[in-house]
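Q: Please take me through the aromatic side chains here, with the cut-offs for each term.

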2 protein chains.
Amino acid sequence: MEESALRREDKKVVAVVGAGLVGALNACFFAKRGFEVEVFETREDIRKAKVVKGRSINLALSHRGRTALKHVGMEDKQIVSKGIPMNARMIHSLSGKQSPIPYGKKGQYILSVDRANLNKELLTAAETYPNTKLNFDHKLQDWSAETGLMTFARPHGSKTQTQADLIVGCDGAFSAVRKQFLRRSRFNYSQTYIPHGYMELTMRPRNGEFAMKPNYLHIWPRNTFMMIALPNLDKTFTCTLFMPFEEFEKISTGDEVIEFFQKYFPDAIPLIGAATLRRDYFRLPAQAMVSVKCSPYHIGDKCVLMGDAAHAVVPFYGQGMNAGFEDCIVFDEIMNQFNEDFSAVLPEYSRVRVPDDHAIADLAMYNYVEKNRKIKSFVHFFLKLLDALINSFHPSANIDQVFQVTFTRTRYHVAVERWHWQDKVINRGLLLGAVGAAAGGFYLLI
Amino acid sequence: MEESALRREDKKVVAVVGAGLVGALNACFFAKRGFEVEVFETREDIRKAKVVKGRSINLALSHRGRTALKHVGMEDKQIVSKGIPMNARMIHSLSGKQSPIPYGKKGQYILSVDRANLNKELLTAAETYPNTKLNFDHKLQDWSAETGLMTFARPHGSKTQTQADLIVGCDGAFSAVRKQFLRRSRFNYSQTYIPHGYMELTMRPRNGEFAMKPNYLHIWPRNTFMMIALPNLDKTFTCTLFMPFEEFEKISTGDEVIEFFQKYFPDAIPLIGAATLRRDYFRLPAQAMVSVKCSPYHIGDKCVLMGDAAHAVVPFYGQGMNAGFEDCIVFDEIMNQFNEDFSAVLPEYSRVRVPDDHAIADLAMYNYVEKNRKIKSFVHFFLKLLDALINSFHPSANIDQVFQVTFTRTRYHVAVERWHWQDKVINRGLLLGAVGAAAGGFYLLI
């Protein structure tokens, strides 16, 4: 008992900034190790909020994410039971024909999960640890990499300060923690917005049942446009339409929406409903998508970035959340390896994890090949590159890579290396560049 | 007279943030057009400062930079007369042999100019316009892209606010103006630090004369290391040593400095002086070099980035200042074209200038090919790419490109396109990636 009391006294404070998916999960990982965990979140508690802000409604949970959830004992009961298995993709042709493309081996599936529900479950799980405290309505204003002192703005203009032994930045693609990194020398950083935006539309149940077959990831590939649909527990589908911003902007009336759908997604009109389409298309403007890469992920022994704060990815490989959840496992493994000594753990985490997170950011970007850029002198090379891209990304090819990324914990950068054409076309930054200037379509690889 | 008075009353206010080289020159351009120009600079007036902080001592002024100076009537008298023509590069071999490599055509030269002197002359030139006011000790804290309202911190903690019709961010690679851009959606940005650092060493006169032939850009190419030397009016040379940070860090005693120079730059030891070397090597730590690219350069009709704030480049093509000065001409040309209507000028400036500034950032980076990165699976492709790089960058090849970049105003992106192997290896982002992972040496292209 005395030893336990002593340990409690010695406990180090870990501040997790951001109570989104990765922040909440990470709080569980640190709490399980016995740290004094303080979670700080800008927004209110989503479990009490009337309207949950935020974008994507559902997400594809695959092997890496599930493994991370299992580590904190919450894979099955709360999450998997509330997810909908998607055993294959279902390709919708222009004529309305539907063709399934299964995930390589029999029995393999990914799960469509509700983002808000998953986040709520993770927060509740974190709170069950007596050594974890959740602090909502705390907006990070400033922090010191030297002392670990953080300043938060509270509602009504007040401020509060807290000191931590370790600050874990899980505050998303527009991370406030990361701002401090940007001020330091030799921090490499890039943010790349793609010319496509996305818009979510809801397909309601038909006669009390799913309007389409539920256990599929539905895909309408249309060259520069694409729509996908994931099933929800309430028997709706969330459809996500991807297209260049300028195409979104061309459509300004309900008639034009219907005309557009008639041309590209005619089978979806009766499923979503013409009246709903006319209205919902104008509910929110199309949203931007950004790819963020940086290095290193840590400063000294005081701060580390994880999840989207370290590596926001475009959604075309369905790995954003899964990569963020896997960050938590990788960090946890290194904590074991180095006896929780932050001064050794943090550099090792950057060393090990940066190449993998960069690999998945790039893989996701490869699936997005922008069309119609007329950089003429570049065309020759790109036609070749494009061949490689198209061959690689057609879902019937490339099964091995998709398998490794989606159904194993093979390190992302290893999955990239094993990828044949990678031997020829190489380096990620390289391809990122290529993607920006190539001509072609884009595809989904989940 | 009445009309002139009226015009004066209507005058728009242009705030130039940053009184470095590009800011001071830009102030002249805007003042010449009759705008009410306010220049804001964080530091004190360098013309009054006892110690001028800042890094590089001298710079290579070439055609683009000179053309911009000519636009505001100050090329010859103040600047060219105080620069030292460099008619050729002078390559120093390990054995001490010196071999000149002239700039393509006879009579072509670039000028070694003193950065501090050039900056002072530009500030004085800007101040001769009655419609220009220089405000030193003004550190930009915040500004609004909607209203043009800026808040500056003054010494001793006070603050001051000013409103402008146009804010021109010329505040360098770590631009405070740019921070506001980073918060906006669809702003693409990257900062890439290269693994090399640089250190400046002074070579004093010998018997009252230059220690080496003055009218040359002296270069000691040593694969992953490189030293260059540019002449100064006071008959000194400023030597700049480039090498990977970890190599700099290996040297911790005076003996090790001498040992290192004996191995790589033996002919420089008597020229710099062993005692000076032993001391000066430890005066300042090696400095980092960053390449910054972003897009677009403007927000609405209120703000535009120019110079290093928009495109910091690595120094291996000697085009940093020249590109920044050319920015001023390009903006000026577009101002003519669109009748000083900022709402038309700013988007056009981004459209026209981004590809050129990205091209020169990439060209400068291509000259820097990092050695010794052992990414084995990538080697095959890179050996080929490297061939292309080495062939292209050897100064005896590639004369046409160097000529266009250094001695003409051919648009940078056109110089890139005309470059033969570019047809094969393509896109800049691509090469930037390549450069990061390739094996080879690096070279200077000025």
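A: Start with F265(A), which is buried at a relative accessible area of 0%. Buried means under 20% relative accessible area, exposed over 50%, and partly exposed in between, using a 1.4 Å probe and protein chains only. This is a predicted model, in which local features need pLDDT of at least 70 and side-chain atom pairs count only at pLDDT 80 or more, while totals for chains, interfaces and linings use all residues. Residues are numbered from 1 along each chain as its sequence is written, chains are lettered from A and ligands numbered from 1 in the order written, and side-chain values use heavy atoms, without hydrogens and water.

Q: How many aromatic pairs are there over all chains?

A: Rings of Phe, Tyr and Trp (its six-membered ring) pair if their centres lie within 6.5 Å; planes under 30 degrees apart are stacked, over 60 edge-to-face, and the rest tilted. Searching the whole structure gives 43 such pairs. One of them is F260(A) with F261(A), edge-to-face at 5.7 Å between centres and 80° between planes. F260(A) is buried at 9% relative accessibility, and F261(A) is buried at 0%.

Q: Why is the pair of Y264(A) and F265(A) called tilted?

A: Their planes meet at 50°, with the ring centres 6.4 Å apart, so the pair is tilted. Y264(A) is partly exposed, at 23% relative accessible area.

Q: Which charged end sits over the ring of F245(B)?

A: A charge sits over a ring if NZ of Lys or CZ of Arg is within 6 Å of the ring centre and within 35 degrees of the ring normal. The charged end of R186(A) does so, 3.6 Å from the centre of the F245(B) ring. R186(B) lies over the face of F245(A), also at 3.6 Å from the ring centre.
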